[in-house]
Amino acid sequence: MATLKPSPRIRYLFAVNPTAVLRLGLWGVLSIALMTVDHRYQGLNDVRDILATAIYPFHYLVRLPADAGNWLSENLASRDALLAENAQLREKQVFLNVQLQKLTVLEAENRRLRSLLESAVNTPERVLIAELLAVDFDPYRHHILLNRGRRHGVYAGQPVLDQHGVIGQIIQADPLTATAILITDPNHALPIQINRTGVRTLAQGTGNFQELELPHIPNNEDVKIGDLLITSGMGGRFPRGYPVGTVTKVEFDPGSPFAHIVAKPVAQLDRIREVMLLEGELPAVKPEPGSAVAAVQMP
Amino acid sequence: MTTAYPTGRWVIVVSFLIGFLLAGIPLPKELSQFRPDWVAMVLIYWCMALPNRIGIGVGWGVGLLLDIGRGALLGQHALALAVVAYLTLQTYRRIRVAPLWQQAFSVLVFLLVEQILIFWISGVVGYPPHDWWYLAPAVGGMVLWPLLFVILRDARRYFQVS
C-alpha cells in the first residue's frame, strides 16, 4: 500500500516507443528533402503531372454534391421563376446589343484611325472558357483549379479573365486541369495603368480578395478614388486594356516617399464559377519554371 | 504483413477516402473557416485504435496525397501528419482510457501542432498567414471529435477491423 514503486500497468501507460522516434526522424528528413526539391528545383513537375492526373476523378467526386444541388435547383425551379429570369435575360440582351452596336462603330473608327497612324492593329484574341473545379484550396494561397488543361491548349502564363476583368494567370498546366494564381495572391504583381491619367505601376496582391495594393506611386501623383485600373501590357503577359480594379483608398503620407493606395478588383474573385482563358498573340515568354510571378518583374 | 492483419483493410481505406471528400467539399465561407482537418482526425483515430498497424509511415503517405490534392508544397502535409501520427503513437495508451470530451482536448493539441507546422512551412516559402483564423480548424476538430470517434468506433466493431 505504502510502496512508491509504480505498478507495471502505470508504467505501461507511459511507455514510449523508441523506434517511433527513429521512424519520425526518417520520414521527417524525407519530407524536408522533398519540400526543398519541390520548392527550389522543378524536377518534381513531371511527378506532380502524373499524380494530378491520377486524382482528377477525385476532384469530380468532390464536386458531385454541389453539382447535384445545382442540378436539382435548376430542374425544380418554378415556371414563374424561369419566366421571370427569361424576361430579365432578354432585357439584358437588348441592352447589351445596343451597346454592341456602339462598340462596332467605335471599333471600326478605331481601326481607321490606327491605320491612319500606321500603328499595329490589335488582333482579336481567341478565348477558351474554363470552369472552376469547386475544390477548396489552402485558404491562404489564392490559387484556383480549372477544368481545362494542356490537352485543351492551356499553357503556363496564360491570362485568366472573367466577364468583369482580370482574375489572374495560369501557373501550372497539367494534362487535364490547370492551376491559376489570382491577382490577390500575396505573391502576385500585375503591371497596370491608371486609365484616367496613364500612370503606370504595379498592382500587388494582399491575400485579401477585396484588396490590391499600388506601391511606387509618388505622393504628388494625381490619383483619385474611383479611378479605373487597366492592364498596361508591360511584362508581356497580359494584353493591354483589360479592367483590373478601381481605386478605393488614397492616403498621402508626407513622411513616406510613396502614397498608400488600395484598389478593389473589378472581378469578384471569391465567387468565380466560369473563367475565360485568353489565347492571345502574345510573345511566348518562357516562364521561369514554377514561379508565375517571374514574368512580372518588380522594378 | 497482409497475412498478419487480414481483416478490414478496406474499412480504413474508405474512412480515409471519406475524410478526403469532406476536406474538399465546398462550404460557405463562415463554415469553411472552422472546417476541421478530417484526414488528420481519421489518422488520429486509427493510430489510437490500431497502433500496430497505422503509424507514422501511413500518416506520411496520406499527407503526401493531401499535398497533391491541395496543390501544396510536396511534403508539407506529409511532415505534419507524420508528426501527428508520432504524437498519437506515443500517447495513445493514456488517451484511449480517457472520456471522450477529454480526448477531444488531446486531439485539439495534436491538430494545433499540425496547423502550426503547416503554416510555419507556408511562411518559410512566402505565404505567411495574416491572421489567427488559421488555428480555427483545430477548434472545429475538437468539437467534432466525439462524433467522429463514435462513428469510426462503431464501424470498426461492426466490420471487426483489428
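A few ground rules: residues are numbered from 1 along each chain as its sequence is written, and chains are lettered from A and ligands numbered from 1 in the order in which they are written. Since the model is predicted, local features need pLDDT of at least 70 and side-chain atom pairs count only at pLDDT 80 or more, while totals for chains, interfaces and linings use all residues.

"Buried" here takes 20 or more other C-beta atoms within 10 Å of a residue's own; 12 or fewer is exposed, in between is partly exposed, and C-beta atoms are placed from the backbone. Helices (H or I, at least four residues) and strands (E, at least two) are DSSP runs, numbered from the N terminus.

What does Leu43(B) touch, leaving out residues up to four places away in sequence? The list is Gly59(B), Val62(B), Leu81(B), Val84(B) and Ala85(B), where a contact means C-beta atoms, placed from the backbone, within 7 Å.

## Where the chains meet

The contact takes 35 residues from chain A and 34 from chain B. On the chain B side, H1, H4, H5 and H6 each supply at least two residues, with the largest share, 10 residues, coming from H5(B). By class, that side has 20 nonpolar, 11 polar and 3 charged residues. The classes go like this: Ala, Val, Leu, Ile, Met, Phe, Trp, Tyr, Cys and Pro are nonpolar, Asp, Glu, Lys and Arg are charged, and the others, Gly among them, are polar.

Now zoom in on H2(A) and H5(B). Their axes come within 9 Å and cross at roughly 170°, which makes H2(A) roughly antiparallel to H5(B). Axes are lines fitted to C-alpha atoms, for helices over the stretch in contact, and angles run from 0 to 180 degrees between N-to-C directions; under 35 degrees counts as roughly parallel, over 145 as roughly antiparallel, 65 to 115 as roughly perpendicular and the rest as oblique. H2(A) brings Ala20(A), Leu24(A), Trp27(A), Gly28(A), Ser31(A) and Met35(A) to this contact. Among the H5(B) residues they meet are Leu79(B), Ala82(B), Tyr86(B) and Leu89(B). The residues of this helix contact divide into 10 nonpolar, 4 polar and no charged.

## Strands of chain A

Chain A has 5 helices and 12 strands, and 27% of its 299 residues count as buried. Residues 24 or more positions apart account for 59% of its contacts with a separation of 6 or more.

Six strands make a closed barrel in the order E6-E7-E8-E11-E10-E9, with antiparallel pairing, and the twist averages 40° from one strand to the next. Two strands pair if DSSP finds at least two bridges between them. Some antiparallel pairs of chain A:

| Strand | Partner | Bridges |
|---|---|---|
| E6(A), residues 189–194 | E7(A), residues 200–205 | 5 bridges |
| E7(A) | E8(A), residues 212–214 | 2 bridges |
| E1(A), residues 126–131 | E12(A), residues 274–279 | 6 bridges |
| E3(A), residues 159–161 | E12(A) | 2 bridges |

E7(A) is largely enclosed by the rest of the structure, because 5 of its 6 residues are buried. Towards E8(A), Gln204(A) stands opposite Glu213(A).

Both hairpins have a glycine with positive phi: Gly198(A), about 85°, in the 5-residue turn between E6(A) and E7(A), and Gly207(A), near 90°, in the hairpin of E7(A) and E8(A), which has 6 residues between the strands.

Over at E12(A), Glu131(A) has Glu274(A) as its bridge partner, and Leu161(A) has Met276(A).

His216(A) has a positive phi of about 60°. This histidine is found in the loop between E8 and E9 (228–231) of chain A and counts as partly exposed, with 15 C-beta neighbours inside 10 Å.

Gln160(B) has a phi near 50° and is found in the segment after H7 of chain B. Buried or exposed, is Gln160(B)? Exposed, with 9 other C-beta atoms within 10 Å.

How values were computed
Contact = placed C-beta atoms within 7 Å.
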